[in-house]
Amino acid sequence: MNAHSQTLTLPGSLPLDGGGELTRVELAFETYGELNADRSNAILLCHALTGDQYVASPHPITGKPGWWERMVGPGKPIDTDRFHIICANVIGSCMGSTGPASEASDGRPYAMRFPVITIRDMVRAHIGLLDMLDIETLHAVVGGSMGGMQALSLAANWPDRARRVLVIASTSRHSAQNIAFHELGRQAIMADPRWQDGSYYGGDGPDNGLAVARMAAHITYLSEEALTGKFGRNLQDREAKSFGFDADFQVESYLRYQGSGFTRRFDANSYLYITRAMDYFDLAEEHGGKLADAFAGTDARFCLVSFDSDWLYPTSESRHVVHALNAAGAAVSFVELSAPHGHDSFLLDVPALDRVIGGFLG
Amino acid sequence: MSVAAIDQRPDLAAIASRITPDSRVLDIGCGDGVLMMALRKKGCDVRGIEIDGTCVERCVSQGLSVVQGDADSDLGDYPDKGFDYAVLSQTLQTASRPDRMLDELLRVGTRAFVSFPNFAHWRTRAALMFGGRMPVTRSIPVSWYETQNIHHVTVHDFRELAREKGATIVRDWYFAGKRPVSRAGANMRAEFAVFELSR
């Protein structure tokens, strides 16, 4: 499929929720499929915490297929023959958009001088990109997990910019448990002596800390059933326990592999900033404490999907959003799909999800 | 779902015929979305609630706005008079408190439609009287131990409930199979009843 890679610099400066602003904001993005003559068939896909713009094209570092290759393409549920798909790397990330590894005005990396950003700041940058691309109204904004938070934030703060809002395995606020897991990851990074208060660019980064953060997070993305089914208590390449601390169990080996693989493609400081943005996310709080008020008067159609095995953003979180949308009189669909994989179900083979997405996008 | 599907459900066809184009409608227990599809063709803004995930998935994949949920607990989220019509088809008898559900219907909708299988139909009466067993009939096809119908109701019972709730019966329809039955003797002769209510 024809993917088009581009990087644009937003004009002027980007005001931030935390006060202050970012200047020379670059956004790296991929597009797939043709934009139609009246510019009405664009879909903004929002990626998750450690995702990127390579939705349906090979990752430039790992060479692996795009993260939603199964969903996005010609004739697929998000059909590139009909829609113009845009996916931009969020600000704060590390795949070409402005983040802590980017150069500040003094020519050195921002590192921890990068401002703390929010989900709404990420979306504000996306809106700036849509303005540059001259796309007034999206056919849909779509996202899973942190991408779903961006979709909700866009719907609440820029209600005229999307006609459909599809939110998968997500939430309108981070729970104490969500924040706790993120804090564990951040502390692992900051406890790594190579972190050096974030100023590690040009040398070795805190790979060990970042790998531990990824290992902990990866556990939250899978259900107990999925872990048991995949690994059980099976031993890794050995007949008996070693009575040591090698990766005796397959599950240990798998997590170590996931952790070390992640450090090759992700910046530790980006992990700190993006997890912080997610922890700060509370859509009701932004709108006077009442979630329904975030969606007052919206004309967009909403669809929320949860998975029964997702304990990171469980069905109750999606229902909470659905209740608010109902109270606001919005057109909303909601379905809890059955899938064994846990939170990661939205990325995996769940045929019912394909049908729901295809049908909702129309 | 075929266009003809609604023809297989005379209760839904009766309801659809009474709903004016471009209305706002809440279909509670919308199933496969047969009524919703028919109303969408009339330009209505239709929302559904359905407890069965497979049905919801089928509705959403056809572009209908349906929320997976339980009418017993979720109706409270909807604003007062948010809809011109609230429809409860073949669901009243499954509610934990049908009386409260009727109140909710008349709160969220200016008008309400309720359809249900009539437990006083002669076949049901005969099954109980002569068979001495809980009826399994064309209109009540599931055995007592697995049926979702936990509050069986008759035409007379429902009229009485509507009166107690201060609801006005605007119109009523009665069917045996797909055949209409007159109001007179409906409590004996009708397998299904449909009521249009206001308050």
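## Basis of the description

This is a predicted model, in which local features need pLDDT of at least 70 and side-chain atom pairs count only at pLDDT 80 or more, while totals for chains, interfaces and linings use all residues. Residues are numbered from 1 along each chain as its sequence is written, and chains are lettered from A and ligands numbered from 1 in the order in which they are written.

## Strands of chain B

A residue is called buried if 20 or more other C-beta atoms lie within 10 Å of its own, exposed if 12 or fewer do, and partly exposed in between, with C-beta atoms placed from the backbone. Strand β6 (residues 168-176) of chain B pairs with β8(B) in the antiparallel sense over seven bridges, where two strands pair if DSSP finds at least two bridges between them.

Strand β5 (residues 109-117) of chain B also runs antiparallel to β8(B), to which seven bridges join it; within this pairing, Phe113(B) has Glu196(B) of β8(B) as its bridge partner. Eight of the nine residues of β5(B) are buried, so this strand is largely enclosed by the rest of the structure. With strand β4 (residues 83-89) of chain B, β5(B) pairs in the parallel sense over six bridges, and there Tyr85(B) has Arg111(B) of β5(B) as its bridge partner.

## A helix covered by the strands

Helix α1 of chain B spans residues 10-18, and its buried residues are Pro10(B), Asp11(B), Leu12(B), Ala14(B), Ile15(B) and Ala16(B). The cover over these buried residues of α1(B) includes α2 (34-41), β4, β5, β6 and β8 of chain B.

## Helix packing in chain A

Two packed helices are described by the angle between their axes and the distance between the axes. Helix α3 (residues 176-191) of chain A packs with helix α4(A) at an angle of about 165 degrees, their axes being 7 Å apart (axes are lines fitted to C-alpha atoms, for helices over the stretch in contact, and angles run from 0 to 180 degrees between N-to-C directions). That angle makes α3(A) roughly antiparallel to α4(A), on a scale where angles under 35 degrees count as roughly parallel, over 145 as roughly antiparallel, 65 to 115 as roughly perpendicular and the rest as oblique. The residues that make the contact include Phe181(A) and Leu184(A) of α3(A) and Leu210(A) and Val212(A) of α4(A), two residues being in contact if their C-beta atoms, placed from the backbone, lie within 7 Å. By class, this contact of α3(A) with α4(A) has ten nonpolar, three polar and no charged residues (Ala, Val, Leu, Ile, Met, Phe, Trp, Tyr, Cys and Pro count as nonpolar, Asp, Glu, Lys and Arg as charged, and the others, Gly among them, as polar).

Helix α4 (residues 207-221) of chain A also packs with helix α6 (residues 250-265) of chain A, here at an angle of about 125 degrees and with the axes 8 Å apart. The two helices α4(A) and α6(A) are therefore oblique to each other. Among the residues of this contact are Leu210(A) and Met215(A) of α4(A) and Leu255(A) and Phe262(A) of α6(A), and the contact of α4(A) with α6(A) divides into six nonpolar, five polar and two charged residues.

## Where the chains meet

The contact takes 21 residues from chain A and 16 residues from chain B. On the side of chain A that touches chain B, β11 (301-307), α10 (315-327), β12 (331-337) and α11 (351-361) each supply at least two residues, and the residues of that side divide into ten nonpolar, eight polar and three charged.

## Exposed loop residues

Phe243(A) lies in the loop between α5 (224-231) and α6 of chain A, and its phi is near 50 degrees, a positive value in a residue other than glycine. Phe243(A) is exposed, with 7 other C-beta atoms within 10 Å.

In chain B, Asp22(B) sits in the loop between α1 and β1 (24-28); Asp22(B) has a positive phi of about 65 degrees although it is not a glycine, and with 10 C-beta neighbours inside 10 Å it counts as exposed. Gly177(B), in the loop between β6 and β7 (179-180) of chain B, is exposed as well, with 11 other C-beta atoms within 10 Å.

Terms used: Helices (H or I, at least four residues) and strands (E, at least two) are DSSP runs, numbered from the N terminus.
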